[in-house]
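Please keep the sequence and the structure in view while reading.

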Amino acid sequence: MKIIGIDIGGSSIKIGLIKNKRIIKKYYIPTNKKTLLDDIIKSFDDNKINLKNINSIGCAIPGFINHKKGIITLSGNLDWKNFNFKKKFEDKIKKKISIINDANAAAYGEYWAGAGEKYNSIVFYTIGTGVGGGIIINDKLIFGSNGYAGELGHGGNFQNERKCSCGLNNCLEPFASAVGIEKSIKEITKKNQKIINVVDKFLKNDKLILKAFRKSLKPLATHISIMETAINPDAIIIGGGPSNIGKPFAKLINSLVKEKQLDFIHKKTPILIAKTKNDAGILGAAYWALKNN
Ligand SMILES: [Zn+2]
């Protein structure tokens, strides 16, 4: 059985052909908002993908998605509002299409073919410009009543220094996002430094760099400790740019969670680094398509 997973981003579209949970072909095309669907269809021909051999197609899309109806309620990145993506695409290629929000897709990808492969229930956090995520319980992604489940970066009272881009004052996102971590690094070291340029210092236990990371990740750790008792997942998985630091990054988060959770609960909930990296969206979109087939 072959599935196509498509991860639509603001500047490029990643397309993968998947068989037995593994990507057997992968390529990128640029995102052109006006010709997007035709570009994707043309790319199948260009890359010798015969739709006759494809069982299902899944698309990961940034924004608010009505996954049941296949309608994009709002995608700021792609200028779509109440756009019936599923119908438009299906009319053109005569194949069933499934759509899902990109952060949710990444959670599913990591669950299906990444660090979550051997677990049934996970909470996935992705740390990028913002903080997003996804919650999977017994193989089911939790969408919630109105589709907002997994918006892990917002709401609550996790810090009281930085206003969030969503308008609230106490979200964890302005601290734990990559942007937030870099802000803490600047505050504490008095220097503008990208995360990628301080990885060496992090690994060598540089005091100021660790202090900055600790400051930024404490609100995330508080959130994780809440999820550990709210959901009691098999594992917590961390993805996104800063997670490329690897195990020491997970270890630091783990030590911060330990301060906020009962030992016997925290010890049974491993905090893992995501494995599928940039392929999470493709894999998750494919798994979503498979489940909807
Ligand atoms: Zn917020």
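How many bridges join strand 1 (residues 2-8) to strand 4 (residues 56-61), and do these strands run parallel or antiparallel? Five bridges join strand 1 to strand 4, and the two run parallel.

## Basis of the report

The model is a predicted one, in which local features need pLDDT of at least 70 and side-chain atom pairs count only at pLDDT 80 or more, whereas totals for chains, interfaces and linings use all residues. Residues are numbered from 1 along each chain as its sequence is written, and side-chain values use heavy atoms, with hydrogens and water left out.

Helices (H or I, at least four residues) and strands (E, at least two) are DSSP runs, numbered from the N terminus, and two strands pair if DSSP finds at least two bridges between them. By these terms, five strands make up an open sheet in the order 3-2-1-4-8, and the pairing in it is mixed. Its edge strands are strand 3 (22-30) and strand 8 (97-101), each of which pairs on one side only. On average, neighbouring strands of this sheet are turned by 20 degrees against each other, direction ignored; axes are lines fitted to C-alpha atoms, for helices over the stretch in contact, and angles run from 0 to 180 degrees between N-to-C directions.

Strand 8 pairs with strand 4 in the parallel sense over five bridges, and Asn-101 in strand 8 stands opposite Ile-61. Strand 8 is mostly covered, with five of its five residues buried, where buried means under 20% relative accessible area, exposed over 50%, and partly exposed in between (1.4 Å probe, protein chains only). In a regular strand the side chains alternate between the two faces of the sheet. In strand 8, Ile-97, Ile-99 and Asn-101 point one way while Ser-98 and Ile-100 point the other way, and all are buried. Helix 2 (residues 85-93) lies across strand 1, strand 4 and strand 8, and runs at about 150 degrees to strand 8.

Strand 6 (residues 71-75) is joined to strand 7 by three bridges, and the two run antiparallel; the bridge partner of Ser-75 in strand 7 is Trp-80.

## Strand 9 and its partners

Five of the six residues of strand 9 (residues 122-127) are buried, so that strand is mostly covered. Strand 9 is joined by six bridges to strand 10 (residues 131-137), and these two run antiparallel, with a hairpin of three residues linking them. Within this pairing, Ile-122 stands opposite Ile-136 in strand 10. Strand 9 also pairs with strand 12 (residues 235-240), here in the parallel sense and over six bridges, and the bridge partner of Ile-127 in strand 12 is Gly-240.

## The zinc site

The zinc ion has as its protein donors His-154 (ND1), Cys-164 (SG), Cys-166 (SG) and Cys-171 (SG), which lie 2.0 to 2.4 Å from it. Donors are N, O and S atoms within 2.8 Å of the metal (3.2 Å for Na, K and Ca), and water is not among the atoms, so sites may look incomplete. Along the chain the donors of the zinc ion follow the spacing H-x9-C-x1-C-x4-C, and both Cys-164 and Cys-171 are buried.

The angles among the four donor atoms are 103 to 123 degrees, and the site of the zinc ion is tetrahedral. Four donors count as tetrahedral if all angles lie between 85 and 135 degrees; four count as square planar and six as octahedral if opposite donors are over 155 degrees apart and all others between 65 and 115; anything else is irregular.

The protein is divided into domain 1 (2-100) and domain 2 (115-275), with bounds that come from an automatic or database domain assignment. The C-alpha centres of domain 1 and domain 2 lie 29 Å apart, and five residues of domain 1 are in contact (heavy atoms within 4.5 Å) with four residues of domain 2.

Lys-140 is found in strand 11 (residues 140-141) and counts as exposed because its relative accessibility is 58%. Leaving aside its neighbours within four places in sequence, Lys-140 is in contact with Tyr-108 and Ile-135.
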